[in-house]
Amino acid sequence: MKYLLFSLNPIIRQTMESKRVKTAFILGAGLGTRLRPLTDHCPKPLLLIGNRPIITYAMDHLISFGIERFIVNTHHCAPVYEDVFPDRRWRRVPIIFRHEPVLLETAGGLKNIEDLLHNEEPVIIYNGDIITDIPLGPLFDKHAASGKETTLALRSRGPVLNVDVDGEGEICDMRHLLGCPGVRRCLFTGIYLVEYRFLKRLVPGRIESVVPVFVRMIEEQPGAVANVIIDDGNWSDIGTIEEYEAVRKIMANG
């Protein structure tokens, strides 16, 4: 029996290695309407904070947790991405740009990169307009342990608490679409992990957010969408000019 277990170990290690998260999909296609006129000629994730594009903070955060490849969707002012990343790399990590002639939202954008993902490869999704240093280890650990299609990183505090969690710690509603308030409300950080099989739920070319997809999953099977609450670290959503200027000031002051 000992020999059998020992002989299986390389297979187990190989399986774990193949499931390790190596690819990040960073959402970079938004219009940034609330940040106009700053975004009239520049995608929101490429606005400068601390003399560098916002999206590079996400990239550095992901690199620190072992990500080896970025996929970035583009739409508004797409050529600017090529100007900022002419060699399609950041700190030697390759970047693949996938243009959306029609803005597809989060679910549509994710389905649009399905051909770029390796079969059975999990991928981490990361909003391109946030700056955060929250520890991602608990997210990776929870996702691996849950065996579910998707795991969301939540916070128990923040400006928009639109994820409802029940007494068992499971997500029971999002954006109050199901009328299930649960026992606490949390913030969705815009960072989450999905398995490759999750993409089979999405329709090619459909303009749709991932939130209604998550809600349908919860409605079909309570607890279908895993989560982990991460309150350590800082988190900022650069959604308005006021927030942009506030974060710029914080970064300028170290």
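Within strand S7, Ile124 is the bridge partner of Ala24. Keep this pair in view as you start, and remember that the model is predicted.

**Exercise 1. Find the strands that pair with S1, and work out whether S1 is enclosed or open.**

Step 1. Begin with the pair you already have. S7 covers residues 123-127, and S1 pairs with S7 in the parallel sense over five bridges.

Step 2. Look for another partner. S1 also pairs in the parallel sense with S4 (residues 69-74), again over five bridges. Here Leu27 has Asn73 of S4 as its bridge partner.

Step 3. Now think about the faces.

Step 4. Conclude. Five of the five residues of S1 are buried, so S1 is largely enclosed by the rest of the structure.

**Exercise 2. Describe how helix H6 begins and what its buried residues pack against.**

Step 1. Go to the start of H6. There, a side-chain oxygen of Ser209 comes within 3.1 Å of the backbone nitrogen of Val211.

Step 2. Collect the buried residues of the helix: among them are Val211, Phe214, Met217 and Ile218.

Step 3. Find what they meet. The buried residues of H6 pack against H4, S9 (150-155), S11 (171-174) and S12.

**Exercise 3. Describe the largest pocket and then the second largest pocket.**

Step 1. Start with the volume. The largest pocket holds about 1100 Å³ of space. Its lining has 37 residues, and Thr106, Asn127, Asp129, Arg175 and Asp237 are the closest to its centre.

Step 2. Sort the lining by element. H4 (105-111), S12 (184-194), H6 (210-220) and S14 (235-237) each give two or more residues. S12 supplies the largest share, five residues.

Step 3. Sort the lining by residue type. There are 17 nonpolar, 13 polar and seven charged residues.

Step 4. Move to the second largest pocket, which holds about 360 Å³. Among its 14 lining residues, Ile131, Asn234, Trp235, Ser236 and Val247 lie nearest the centre. S8 (130-132), S14 and H7 (241-252) each give two or more residues to this lining, and H7 gives the largest share, five residues.

Step 5. Sort this lining too: eight residues are nonpolar, three polar and three charged.

**Exercise 4. Inspect four loop residues, Pro37, Ala78, Arg88 and Arg91.**

Step 1. Pro37 sits in the loop between S1 and S2 (48-49). The peptide bond between Arg36 and Pro37 is cis, with omega about 10°.

Step 2. Ala78 is in the loop between S4 and H3 (79-84). With a relative accessible area of 16%, Ala78 is buried. Ala29 is 49 residues away from Ala78 in sequence, yet the C-alpha atoms are 8.0 Å apart.

Step 3. Arg88 belongs to the loop between H3 and S5 (89-90). Arg88 is not a glycine, but its phi is positive, near 55°. Its relative accessibility is 36%, so Arg88 counts as partly exposed.

Step 4. Arg91 lies in the loop between S5 and S6 (93-99). Its phi is also positive, about 50°, although Arg91 is not a glycine. Exposed means over 50%. Arg91 has a relative accessible area of 52%, so Arg91 is exposed.

Methods
Residues are numbered from 1 along each chain as its sequence is written. This is a predicted model: local features need pLDDT of at least 70, side-chain atom pairs count only at pLDDT 80 or more; totals for chains, interfaces and linings use all residues. Side-chain values use heavy atoms; hydrogens and water are left out. On a 1 Å grid over the protein atoms alone, a cavity is a set of points where a 1.4 Å probe fits but cannot get out, and a pocket is an open set with protein on both sides within 12 Å along at least five of seven lines; lining residues have an atom within 4 Å of a point. Grid points are joined across faces, edges and corners, and a volume is the space filled by probe spheres set on the points. Ala, Val, Leu, Ile, Met, Phe, Trp, Tyr, Cys and Pro count as nonpolar, Asp, Glu, Lys and Arg as charged, and the others, Gly among them, as polar. Buried means under 20% relative accessible area, exposed over 50%, partly exposed in between (1.4 Å probe, protein chains only). Contact means heavy atoms within 4.5 Å. A polar contact is a pair of N or O atoms within 3.5 Å; within protein, one must be able to donate a hydrogen and the other to accept it, and residues adjacent in sequence count only if both atoms are side-chain atoms. Two strands pair if DSSP finds at least two bridges between them.
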